[in-house]
Amino acid sequence: MPTDSDTNYDPTLGNKFIFVTGGVMSGLGKGITAASTGRLLKNAGFDVTAVKIDPYLNVDAGTMNPYQHGEVYVLKDGGEVDLDLGNYERFLDIDMTFDHNITTGKTYQHVIEKERAGDYLGKTVQIIPHITNDIKRRIREAAEGSDVCLVEVGGTVGDIEGMPYLEALRQFSHEEDDEDILFAHVTLVPYSKNGEQKTKPTQHSVKEVRSIGLQPDVIVGRCDDKLDPETKEKIALFCDIPTEAVFSNPDVEDVYHVPLVVEEEGLDDFVLERFDLEDEALPSSERTKEWREVVTTEKSGEVDIALVGKYDLEDAYMSIHESLKHAGFELGVDVNVHWVAADEMAEDHDGQLEGVDGIIVPGGFGMRGTEGKINAVEYARTNDVPFLGLCLGFQMAVVEYARNVLGLEGAHSAEMDEETPHPVIDILPEQYEVEDMGGTMRLGSHETQIEPDTLAEAIYGDTSCTERHRHRYEVNPEYFENFADEPFSFSGTAGNRMEILELEDHPYFLGTQFHPEYSSRPGETSPPFLGLVESILAESEAGADDTDTQSGQEVTF
């Protein structure tokens with residue numbers, strides 16, 4: 001492999017690389033396909049990591065509207081990234097870093113800074129080789145220490161902003177041995193009106209890929225159902241690959257079932273053979289079955305939880321949905337999430353929340369919907385409905401109690417109301433001089449000390465926890481005394497910062513300044529979410545017990 005004087009990358013970094021591109025349309029599930037492949041390789045005993053390439057000019061996803069790209073996922077080192085990295089962490093059960101997300105903004109910023117510093121010694125700085133070299137460097141460095149690195153190229157082949165990345169991958173393939181590189185292309189296989197699976201979109205997409213100089217080794221067809229044998233043969237014929245290199249990725253009930261589907265298709269065996277890793281892999285009988293056992297847990301019963309937010313989009317709260325799903329796996333119940341529009345809550349919050357088993361108020365920014373969130377907190381507090389407040393939800397719980405119990409009229413967050421007479425939530429001291437919006441909040445993993453004999457200690461099973469943060473405001477220290485000796489208490493702190501709140505004599509009332517949803521995994525449910533669903537089930541059992549006792553029946557649980 002050649003050494004590049006501009007990038008100084010170590011040619012020994014990384015090992016096997018799987019590059020995943022997409023065609024026909026975006027949002028096909030490239031990330032889930034890649035993550036599922038990685039899950040199977042991990043089951044086979046390999047260390048697997050991933051890189052997500054986002055061709056947008058933003059340096060990171062931190063300033064993006066959730067309606068455009070879904071939730072902003074926060075990594076342990078504080079990187080604000082695309083939600084696909086959340087899927088990689090959950091599927092691969094790894095903690096990634098900001099280096100595992102490559103954006104055009106980040107790449108161009110670095111190259112321009114080097115040019116300004118004179119590092120290129122008078123050369124004309126161009127997309128080729130300087131941008132493409134930086135892309136290759138980033139991929140290799142992110143792959144360090146892993147056996148296999150999955151690299152997902154966001155967007156669709158043919159998008160102008162993605163061209164430098166595809167060129168970088170073309171060069172990459174010439175710099176590595178053939179058995180160390182695999183190109184997988186994910187395409188849409190739609191149905192015609194007469195029910196025929198149509199391959200023409202796939203053919204055109206592969207033609208576009210090949211015109212760039214890339215030849216897919218694997219084609220994965222996204223379709224409502226599995227690809228017919230005739231469809232696979234047609235794709236193989238016109239896309240110049242073996243029929244056994246064409247795989248189905250049909251719609252499934254749950255994304256966590258995708259690894260099971262692609263395993264049945266034999267995608268993992270094909271990859272291992274292509275990489276000449278069959279002898280290195282664990283025998284099938286010795287591969288862990290934990291994933292299958294967790295995601296296929298038999299369910300009995302269901303719970304209904306209201307998510308009171310301002311974005312009518314599941315992707316905007318992806319990690320919350322997944323954390324509740326993980327709790328359902330662990331407790332053997334279906335968790336139904338009902339979105340409730342926070343900005344409509346002020347008029348009829350009782351009607352919208354009546355009948356739900358639990359309430360979550362998630363994080364967010366801006367004034368819209370905050371009064372509705374405060375009403376939702378009040379409803380949960382006064383009606384003994386299990387409640388979990390996350391980041392802004394934690395802050396609105398403080399505001400609600402200050403207004404309605406402590407009598408601090410007009411209490412609010414200074415973020416929402418600069419003129420509030422009682423800013424019980426105020427900006428972090430270190431934020432006073434901050435002007436830039438991107439990457440300047442309190443971000444990433446921070447440790448919280450937990451008070452003994454509290455709900456927080458019970459759910460975490462420890463007197464400390466380390467969770468990821470993303471906030472610019474906090475509980476105002478000037479109002480700590482107002483909450484002293486109240487049943488509403490702060491049971492988790494980080495120095496002078498309030499991190500966890502809870503309420504005595506309530507089935508479950510917990511708020512966290514941090515975002516526990518980012519660290520939840522199938523089989524390792526985030527404690528606050530597990531505690532929420534457990535409390536709901538306990539309430540249900542207690543209610544059934546009371547009913548049976550009143551009827552004179554003896555029931556054993």
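**Figure 1. Arginine over an aromatic ring, R140 and F172, in the predicted model.** The charged end of R140 is placed over the ring of F172, at 4.1 Å from the ring centre.

**Figure 2. Lysine over an aromatic ring, K106 and F98.** K106 lies over the face of F98, and the distance to the ring centre is 3.4 Å.

**Figure 3. Edge-to-face pair of F247 and F270.** The model holds 19 aromatic pairs. One of them joins F247 and F270 in an edge-to-face arrangement, with 5.7 Å centre to centre and 70° between the planes. The pair links distant parts of the chain: F247 belongs to strand β9 (residues 246–250) and F270 to helix α10 (residues 267–274), 23 residues apart. F247 has a relative accessible area of 3% and is therefore buried. F270 also counts as buried, because its relative accessible area of 17% falls under the 20% limit.

**Figure 4. Stacked pair of Y401 and F488.** The two rings are 4.4 Å apart, centre to centre, with 25° between their planes. This pair, too, links distant parts of the chain, with Y401 in helix α15 (residues 392–404) and F488 in strand β19 (residues 488–494), 87 residues apart. Y401 is buried, at 4% relative accessibility. F488 is likewise buried, at 0% relative accessibility.

**Figure 5. Aromatic cluster that includes Y401 and F488.** One aromatic cluster is formed by F394, Y401, F483, F488 and F490.

Conventions:
Residues numbered from 1 in each chain as written. Predicted model: local features only at pLDDT ≥ 70, side-chain atom pairs only at ≥ 80, totals over all residues. Heavy atoms only, no water. Phe/Tyr/Trp six-rings, centres within 6.5 Å; stacked < 30°, edge-to-face > 60°. Helix = DSSP H or I, 4+ residues; strand = E, 2+ residues; numbered from the N terminus. Buried < 20%, exposed > 50% of the residue type's maximum accessible area, 1.4 Å probe, protein only. Lys NZ or Arg CZ within 6 Å of the ring centre and 35° of its normal.
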